[in-house]
Every structure is written in C-alpha cells, then in structure tokens.
Amino acid sequence: MSMEITNNYSNYAANYVDNAKKPDSKSAAEVKTNTSTNSKDKVQAYYEQLCKKFPQINFNTNGGVLSSNSSRVTVNLSYDCLKKMANDPEFAKEIEWNLSGEVAANSMVYGWAQRDGVVLGGRTITYDANGNRQSSCGGMRTANTGNGNNNTDKIQKKYKEEEERLLKARKKREEKEKFAEKVAEKRAERKAQMERVMREHTEKSAIRREQIEKENAVQTPVGFSTGMDRSASTGFDIKA
C-alpha cells in the first residue's frame with residue numbers, strides 16, 4: 001500500500017514539474033503579440049506627434065533614400081532611430097533639436113547654390129539608427145560646365161562645411177541664450193528672496209514695536225505722568 005502511494009506521489013511530482021517547465025504556448029504567444037502591438041502603437045503615436053511638430057518636413061521611415069528639393073524637406077529617418085526616440089525622451093529631445101534646423105539648413109544650401117550659379121538635382125538628409133546625421137547634394141552642375149572649373153566635389157565639400165558651421169553656430173547661440181535665461185532666473189530668485197527677507201524683517205520689527213508699547217503701558221504706574229504734581233499724589237500738604 002505504501003509503495004502505491006509513493007509511486008502516485010512520484011508521478012504527481014513529475015507531472016507538476018513537467019507542466020511548470022512547459023507554460024501554455026498559446027498564452028505566451030498572446031503576451032508576445034500584445035507586447036509587440038503595444039510597442040508598435042507607441043512608435044506610431046510618436047511618429048504622428050513628430051509629423052505634427054514638424055509639418056514642413058516629410059519623414060521617410062520605410063527605408064531607401066528620398067531627396068529634398070528647394071521647397072520641400074525630406075528626412076530619411078531610420079525606423080530604429082524612430083523607435084528609440086519613442087522610448088527615450090532624452091534621445092528624442094536631442095534628435096528633435098537637429099530636426100528643428102533642417103528647414104533653415106535646406107533653404108541655406110539652395111541659397112548658396114543660387115549664389116554660386118550651381119543647380120542642385122536634389123539633396124539627401126539621413127539619420128541612422130543611432131541618430132547620426134548626414135547630408136549631401138546630388139545631381140550638382142554649374143553654369144560653366146564647358147570649362148575645367150566644374151569641380152562639383154569641391155563645391156559639395158564647401159557646402160557641407162558651411163552647413164556644419166551653420167549648425168554649430170546655431171547650437172552655440174542657443175546655449176548662450178539658455179545660459180542667459182538661467183542667469184536671469186537666478187537673479188530673479190535672489191531678488192525675490194531679498195524682498196521676502198526684507199518683508200519678514202519689517203513685519204517682525206512692527207510686531208516687536210507693538211510688544212514694547214504694550215509692555216511700557218503695563219509697567220507705567222496708574223495716575224503717574226510727567227505733568228502731574230507729585231505733592232498732590234502723596235496726599236500730604238507740604239506747606240503745613
């Protein structure tokens with residue numbers, strides 16, 4: 001009898017361990033599917049928010065490379081970069097700062113081309129998975145194609161350097177503005193603190209004066225004043 005009970009217990013324990021090691025595959029699949037769906041929904045929601053924030057930019061997140069032109073800016077944004085932006089606010093803040101200058105940079109480049117008599121067939125802007133930015137001009141040709149001065153590689157390099165200087169100058173200017181704002185905030189805080197201290201000091205001084213006046217009123221003898229005849233207060237007739 002004891003042998004039968006032992007065998008039954010062993011079979012139960014084995015089945016329990018076996019079941020514990022093998023979770024319901026259907027439930028696991030549902031959890032994985034829901035997690036994946038939620039992640040995609042979050043990225044999609046952020047993408048829609050990004051498009052609303054930068055309506056002048058056409059975002060390409062489907063792979064391949066699309067070009068910008070003088071009137072429309074296209075940013076080829078890696079989907080991995082977009083996904084990281086959706087899940088990392090600090091990373092998104094950094095990339096969005098770069099994106100906020102893309103329209104101005106595109107306008108500048110086409111302005112430089114017009115200045116130099118250069119015709120641009122297109123301009124590409126890409127952000128890789130890590131948010132690294134690259135830009136280049138394609139289909140470049142100049143008005144003096146008939147002579148040997150048509151060095152498009154040199155012009156390409158020149159525009160790239162000018163664009164980098166533009167972005168660096170913009171960042172430096174904004175850093176100065178932020179620093180000036182912080183200094184102004186600190187000055188305003190110190191001023192408010194000093195005003196609060198002075199106000200508290202004035203209030204305490206007023207309360208102290210009131211207390212002193214009350215104490216003096218209590219300590220002064222009744223019927224005594226500097227203008228009163230002391231002989232009258234004693235009740236004695238000095239002349240007698």
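Colleague: How many helices and how many strands are there in the chain?
Modeller: Bear in mind that this is a predicted model. From the N terminus on, the elements run α-α-β-β-α-α-α-β-β-β-β-α-α. The count for the chain is seven helices and six strands.

Colleague: What share of the residues in the chain is buried?
Modeller: The chain has 240 residues. Buried here means under 20% relative accessible area. The share of buried residues comes to 21%.

Colleague: Let's go to the helix pairs. Are α3 and α4 parallel or oblique to each other?
Modeller: Helix α3 covers residues 79–87 and helix α4 covers residues 89–99, and their axes lie 6 Å apart. The angle between the two is about 120°. Roughly perpendicular stops at 115 degrees and roughly antiparallel needs over 145, so α3 and α4 come out as oblique.

Colleague: Which residues of α3 and α4 meet, and how do they divide into nonpolar, polar and charged?
Modeller: On the α3 side there are C81, K84, M85 and N87, and on the α4 side P89, F91, A92, I95, E96 and L99. The residues of this contact divide into seven nonpolar, one polar and two charged.

Colleague: F91 is on that list. Is F91 buried or exposed?
Modeller: F91 sits in helix α4 and touches C81, K84 and M85, along with N130 and G131, leaving out residues up to four places away in sequence. G131 is 40 residues from F91 in sequence, yet their C-alpha atoms are 8.5 Å apart. Because its relative accessibility is 9%, F91 counts as buried.

Colleague: What about α5 and α6: are they antiparallel or oblique?
Modeller: Helix α5, residues 102–115, packs on α6 at an angle of about 140°, with the axes 11 Å apart. Roughly antiparallel would take an angle over 145 degrees, so α5 is oblique to α6.

Colleague: Is the crossing of α5 and α6 left-handed or right-handed?
Modeller: For α3 passing α4, the crossing is left-handed. For α5 and α6, the crossing is right-handed.

Colleague: Which residues make that contact?
Modeller: The residues of the contact of α5 with α6 divide into seven nonpolar, no polar and four charged. From α5 come A105, M108, V109, W112, A113 and R115, and from α6 come K158, Y159, E162, E163 and L166.

Colleague: Last one: the backbone nitrogen of which residue lies 2.7 Å from a polar atom of the S68 side chain?
Modeller: S68 is in the loop between β1 (57–60) and β2 (73–77), and it is buried, with a relative accessible area of 2%. Its contacts beyond four places in sequence are V73, T74, N106, Y110, G122, R123 and I125. The backbone nitrogen at 2.7 Å belongs to T74.

Key. Residues are numbered from 1 along each chain as its sequence is written. This is a predicted model: local features need pLDDT of at least 70, side-chain atom pairs count only at pLDDT 80 or more; totals for chains, interfaces and linings use all residues. Side-chain values use heavy atoms; hydrogens and water are left out. Axes are lines fitted to C-alpha atoms, for helices over the stretch in contact, and angles run from 0 to 180 degrees between N-to-C directions. Helices (H or I, at least four residues) and strands (E, at least two) are DSSP runs, numbered from the N terminus. Angles under 35 degrees count as roughly parallel, over 145 as roughly antiparallel, 65 to 115 as roughly perpendicular and the rest as oblique. A crossing is left-handed if the near helix is turned anticlockwise from the far one by less than a right angle, and right-handed if clockwise. Contact means heavy atoms within 4.5 Å. Ala, Val, Leu, Ile, Met, Phe, Trp, Tyr, Cys and Pro count as nonpolar, Asp, Glu, Lys and Arg as charged, and the others, Gly among them, as polar. Buried means under 20% relative accessible area, exposed over 50%, partly exposed in between (1.4 Å probe, protein chains only). A polar contact is a pair of N or O atoms within 3.5 Å; within protein, one must be able to donate a hydrogen and the other to accept it, and residues adjacent in sequence count only if both atoms are side-chain atoms.
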